[in-house]
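Please look over the model below before reading on. My notes follow as numbered points.

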Amino acid sequence: AQTYAATNEPTATDSALRQRFHHRESIDGPEDWDDYAALIGIKLARQLQSGIVQVGGDLPTPKMASQTANDTSGTDAVTLTGAIQNLTAKFNNRRVTWRELGELCAEFKRKNPRFTGRPIESVTQTLLAESADFDVPEEWFSDPTIYLQKSYDERVALLKTLYKPITGEMIAAELEHYFHSEQRYADDARVQRAERMATELEAQLKARDLVAQRNAS
């Protein structure tokens, strides 16, 4: 019998449980801008094929990402240091490139090592829902000639017109929103942990005083 398990916190589970897994392997997530850009492209693959995603530059494939991880050349790279704010101004209202999105993610990872592949899944799912937030026109059903009697390709083309474009600016803004949300959650968790530790310390001090009083009597 073989048992497999996966965890994001390999040292947070019960030690008796961890001892039962003799072979352990750490699987790294995306590291460089190529990795992140390729992952976003994978998550938005259907929308890319349909022309709904509007991002500048060339999208690196996973194979290209592994081959060019140390390549810092390229004319569309963006340097992001310090606080990341006001993305619209940073990108000067132009079309954001795949490399800029990847560099943005890489910068977030440098600031918070827990910014791996999971945020990309969350961000792209949010963008997909926003893009598909529309109602099919009623006349498409009441008048069959408008939609139902069209060929398959024509119906697909009509449906594409209902989707809202997913722009690079939208992706960057959603990535930034996710990053800052995670930072707030982490800060709140630290405050709550400190409060619990303070409560426990107060209890220990009171217990120490109580023991001292009993020993003195």
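**Notes on the model**

1. Glu-107 counts as buried, at 8% relative accessibility. The cut-offs are: buried under 20% relative accessible area, exposed over 50%, partly exposed in between (1.4 Å probe, protein chains only). Glu-107 forms a salt bridge with Arg-110, and their closest N and O atoms are 2.8 Å apart. A salt bridge here needs a side-chain nitrogen of Lys or Arg within 4 Å of a carboxyl oxygen of Asp or Glu. Arg-110 is exposed, at 56% relative accessibility. Glu-107 and Arg-110 are three residues apart in helix H6, so about one helical turn separates them.

2. The basis is as follows. The model is predicted: local features need pLDDT of at least 70, side-chain atom pairs count only at pLDDT 80 or more, and totals for chains, interfaces and linings use all residues. Residues are numbered from 1 along each chain as its sequence is written, and side-chain values use heavy atoms, with hydrogens and water left out.

3. Lys-111 also pairs with Glu-107. This salt bridge has an N to O distance of 3.7 Å. Both residues, Lys-111 and Glu-107, sit in helix H6, four residues apart, which is about one turn of the helix. Lys-111 is partly exposed, with 37% relative accessibility. Through shared partners, the salt bridges join Glu-107, Arg-110 and Lys-111 into one network.

4. How many salt bridges does the rule give? The count is four. One of them joins the side chains of Glu-121 and Lys-43, at 2.7 Å from N to O. This pair links distant parts of the chain: Glu-121 lies in helix H7 (residues 118–131) and Lys-43 in helix H2, 78 residues apart. Glu-121 is partly exposed, with a relative accessible area of 32%. Lys-43 is partly exposed too, at 34%.

5. Next, the packing of two helices. Two packed helices are described by the angle between their axes and the distance between the axes. H2 (residues 33–43) and H6 (residues 98–111) pack at about 115 degrees, with axes 7 Å apart. Axes are lines fitted to C-alpha atoms, for helices over the stretch in contact, and angles run from 0 to 180 degrees between N-to-C directions. The crossing of H2 and H6 is right-handed: the near helix is turned clockwise from the far one by less than a right angle.

6. Which residues of H2 meet H6? They are Trp-33, Tyr-36, Ala-37, Ile-40 and Gly-41. Their partners in H6 include Trp-98, Leu-101, Cys-105 and Lys-109. Contact means heavy atoms within 4.5 Å.

7. Glu-174 is in helix H10 (residues 168–216). Is Glu-174 buried or exposed? Glu-174 counts as buried, at 17% relative accessibility. Not counting residues up to four places away in sequence, Glu-174 touches Val-123, Thr-126, Leu-127 and Glu-130. Glu-174 and Val-123 are 51 residues apart in sequence, and their C-alpha atoms are 6.2 Å apart in space.

8. Last, the overall picture. The protein has 10 helices and two strands. These are DSSP runs numbered from the N terminus: helices are H or I with at least four residues, strands are E with at least two. The pattern along the sequence is α-α-α-β-α-α-α-α-α-α-β-α. Of the 217 residues, 27% are buried. Among contacts between residues at least 6 apart in sequence, 74% join residues at least 24 apart.
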